[in-house]
Amino acid sequence: ETWINNRYINKARRKLNKKEYKDLIKIGITGSYGKTSTKFILEKILSEKYNVLATPNSYNTTMGNVRVIREQLKPEHQVFISEMGARKVKDIQQICDFVCPNIGIITSIGPQHLETFKKIENVVKTKKELIDSLGESGIAVLPKDNEHCFNIYKEEKREKYLYSLSDHGSDVYAKNVKVGPEGSTFKVVTKNGEFECKTKLLGEHNVQNILGCIAIAVALELTNEQIRAGVSKIEPVEHRLQILPTNNGTTVIDDAFNSNPVGSKM
């Protein structure tokens, strides 16, 4: 099985190495939680400027990425977004070895999959594999509000962006966050100025996910108007804080996909 898998991995690698993909922007997303939501948010925002392909649903394994590259990636795509999941050390490295991302974002690091990782230090080491795989001209994007991620940010020497729900020296942050049944509104502050955003997504943690995507959009030179338009078009991911319509006055919030201690608290 490993031999067969390696054949397909090498085919995906050879495809990405073809000259028609030499200018392809490859973005890796990982994290203990928030990576799938962040992927769909980023796809929607970057689509305001680029032709984007992202791994579908919760495709985040080595072979899931291989399949998307081999079956769906076309020369007309300008950006490929790879969600990278892990259950053991070196899982992310294996994906990075053939995707070779230009940009990496870690959404969070926390106590998840400890049945295989055993301790949080192994989770940190594995998530950091994404940042370590970036070339010298790579861009690292990390949240200020996660202690493990902030420690990685402080050690990073490449171009980097820090995002946060509050300032504290962040490159991208939010002000005046308001959350209600219709979604969330907030003001974004970047090096390109301030602008208002409105989204259907619920919860401050989703605002934080959006801020990470905005940091990438800033790095890729989207205008404030393009970013604002993209944020307004984001739809909730199925089973992740999704409001379900009812006809009896009850508000049903479906968050049944999966969770972890931090996500459940949020």
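Visitor: How far apart are the mean positions of the positive and negative charges of the chain?
Guide: They are 5 Å apart, for 39 positive and 32 negative charges. Lys and Arg count as positive, Asp and Glu as negative, and His and the chain ends are not counted. Each charge is placed at NZ of Lys, CZ of Arg, CG of Asp or CD of Glu.

Visitor: What sort of model is this?
Guide: It is a predicted model, in which local features need pLDDT of at least 70 and side-chain atom pairs count only at pLDDT 80 or more, while totals for chains, interfaces and linings use all residues. Residues are numbered from 1 along each chain as its sequence is written, and side-chain values use heavy atoms, with hydrogens and water left out.

Visitor: Overall shape, then. What is the radius of gyration?
Guide: The chain has 18 Å, which agrees with the value near 18 Å for a compact globule of 266 residues. The radius is taken over C-alpha atoms, and the globule rule is 2.2 Å times the number of residues to the power 0.38. The C-alpha trace spans about 55 × 40 × 40 Å along its principal axes.

Visitor: And how many helices and strands?
Guide: The chain has 10 helices and 11 strands. These are DSSP runs numbered from the N terminus: helices are H or I with at least four residues, strands are E with at least two.

Visitor: What share of the residues is buried?
Guide: Buried residues come to 49% of the 266. Buried means under 20% relative accessible area, exposed means over 50%, and partly exposed lies in between (1.4 Å probe, protein chains only).

Visitor: Where do the nonpolar ones go? Which members of the largest core touch the most others?
Guide: I27, L46, V141, I214 and L220 do, in a core of 40 residues. Helix α8 (residues 204–219) gives the most to this core, with 10 residues. A nonpolar core here is a set of buried Ala, Val, Leu, Ile, Met, Phe, Trp, Tyr and Cys residues joined through side-chain atoms within 4.5 Å. There is also a second, separate core of 32 residues, with A12, F80, I152 and L162 among them.

Visitor: What does I27 touch?
Guide: Leaving out residues up to four places away in sequence, I27 touches L42, L46, V79, F80, I81, S82, I103, I216 and L220. Contact means heavy atoms within 4.5 Å.

Visitor: S82 is on that list. Is S82 buried or exposed?
Guide: Buried, because its relative accessibility is 0%. S82 sits in strand β3 (residues 79–83). Beyond its neighbours up to four places away in sequence, S82 touches I27, G28, I29, T55, N65, I95 and V99.

Visitor: I95 and V99 are in α4. Which residues of that helix are buried?
Guide: In α4 (residues 91–99), D91, I92, I95, C96, F98 and V99 are buried. The elements covering them include α1 (2–16), β1 (25–30), α3 (62–71), β3 and α6 (120–132).

Visitor: What follows α4?
Guide: C100, with a positive phi near 50°. C100 lies in the loop between α4 and β4 (103–106). C100 counts as partly exposed because its relative accessible area is 39%. Most residues other than glycine have a negative phi.

Visitor: What about the phi of N176?
Guide: Phi of N176 is near 55°, again positive in a residue other than glycine. N176 is in strand β7 (residues 172–180), and N176 is exposed because its relative accessible area is 54%.

Visitor: Switching to I41: where is it?
Guide: I41 is in helix α2 (residues 35–46) and is buried, at 2% relative accessibility. I41 and I210 are 169 residues apart in sequence, with their C-alpha atoms 6.5 Å apart. Apart from residues up to four places away in sequence, I41 touches L201, N206, N209, I210, C213 and I234.

Visitor: And H77, what is it in contact with?
Guide: Neighbours within four places in sequence aside, H77 is in contact with L24, N51, V52, L53 and Q72. H77 lies in the loop between α3 and β3 and counts as buried at 14% relative accessibility.

Visitor: Last one: where is K49?
Guide: K49 is in the loop between α2 and β2 (52–54), and is partly exposed at 35% relative accessibility. Not counting residues up to four places away in sequence, K49 touches Q78, L220, E221, L222 and Q226.
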